[in-house]
Amino acid sequence: DVLVRHDDAITALVSVRSWVSSGEALSAGTADGMRAVAPRAVLHNFYGSTEVTGDGTVAVVTGDVSIGVPVANMTARVLDAWLRPVPVGVAGELYLGGVQLADGYVASAGLTAGRFVADPFSDGGARLYRTGDVVRWNSRGELEYLGRSDDQVKIRGYRIEPGEIRAVLEQHPAVSGAVITAVEHPAGGKYLAAYITTSSTTDVVSFDVLREYLARSLPDYMVPTTLTSLDRFPVTANGKLDRRALPRPELTAGAADGRAPQTGTEIALAGIFRDVLHLDDETDLGVDNDFFRLGGHSLLATRVVARANALLGTALTLRDVFDHPRIGELAHIADTTTTTT
């Protein structure tokens with residue numbers, strides 16, 4: 001990625017006839033950059049690890065990025081937690097087998113047993129290496145890399161593969177690369193944060209546009225709460241993504257959605273949102289601000305209900321917050337459920 005974005009890349013690399021990408025996952029943005037600076041080159045995307053003696057799959061990238069199909073004499077299986085094959089388009093863990101498979105880890109019988117398992121589909125005692133990587137088969141019969149199984153997070157009770165969100169986000173023409181991570185909320189719990197680098201050939205795109213783009217393909221709970229644009233992703237000394245060096249996202253970015261609160265109920269609920277979510281007192285919130293888009297979750301929602309009912313004399317329920325998470329909508333529901341004494 002650094003190479004193709006160098007100022008002299010277009011003139012220096014125009015004669016390249018073959019690109020080989022291996023190691024870190026190849027993003028759509030980096031692949032586009034490679035094609036831009038070396039349009040006549042064939043781009044090979046290799047995937048593998050030491051346990052399979054190097055590369056286990058390969059793809060010739062001509063359109064969407066994938067890690068392709070197994071190399072000669074190798075086997076790839078996409079299995080669920082019960083070692084059953086998953087359907088096309090469904091995420092599962094990648095298992096690799098074949099002649100390149102290592103015998104195991106030296107002097108680490110326990111680790112070997114956990115990663116090198118019997119192939120349940122072989123009658124000859126073949127083994128598979130459990131990669132820990134989440135992939136899916138696409139309609140072309142190729143493997144798409146989604147991320148690590150140990151990167152899976154739980155948000156609002158849902159188990160989420162960050163790689164699935166990244167894969168969709170990187171399909172947007174303005175996004176050259178993306179990282180999705182779970183961040184601790186100051187009020188407790190976690191929320192999804194997205195970091196992107198943008199393509200120099202496209203106009204600046206707003207978070208609202210990208211949020212709408214994601215919402216077309218993903219359920220609401222998988223749409224990140226925040227989005228931070230970076231010039232480049234921080235990396236470690238050996239060139240790997242340094243997640244610890246990612247900047248802390250601003251939860252109030254994109255605040256003040258819609259008009260300012262006007263009614264007493266709207267103003268009170270905006271104050272409750274700020275208090276429960278630990279937002280700065282100066283944070284402007286609009287009637288279209290969404291409790292969950294600001295990082296809220298079910299536990300915090302119970303606090304909203306309790307405080308609103310105590311302060312306003314309403315009869316709000318937890319379901320009301322889930323069904324009407326915006327300040328304006330919730331205020332309308334609150335006004336129609338005011339208790340009488």
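Author: Before we start, contact here means heavy atoms within 4.5 Å, and helices (H or I, at least four residues) and strands (E, at least two) are DSSP runs numbered from the N terminus. This is a predicted model, in which local features need pLDDT of at least 70, side-chain atom pairs count only at pLDDT 80 or more, and totals for chains, interfaces and linings use all residues. Residues are numbered from 1 along each chain as its sequence is written, and side-chain values use heavy atoms, with hydrogens and water left out.

Reader: OK, what covers the buried residues of α9?

Author: The cover includes α6, α7 and α8, where buried means under 20% relative accessible area, exposed over 50% and partly exposed in between (1.4 Å probe, protein chains only).

Reader: And which residues are buried in α9?

Author: They are I327, L330, A331, I333 and A334. They cover an arc of only 165° around the axis, taken from the directions from the helix axis to the C-beta atoms, so they sit on the same side of α9. The face turned away from that buried side carries the exposed residues H332 and T336.

Reader: What do the buried residues of α7 pack against?

Author: They pack against α6 (264-276), α8 (318-323) and α9 (327-336).

Reader: What follows α7?

Author: G313 follows, and its phi is positive, near 70°.

Reader: Switching topic, is T226 buried or exposed?

Author: T226, in strand β14 (residues 226-229), counts as buried because its relative accessibility is 3%. Leaving aside neighbours within four places in sequence, T226 has contacts that include Y191, F207 and P249.
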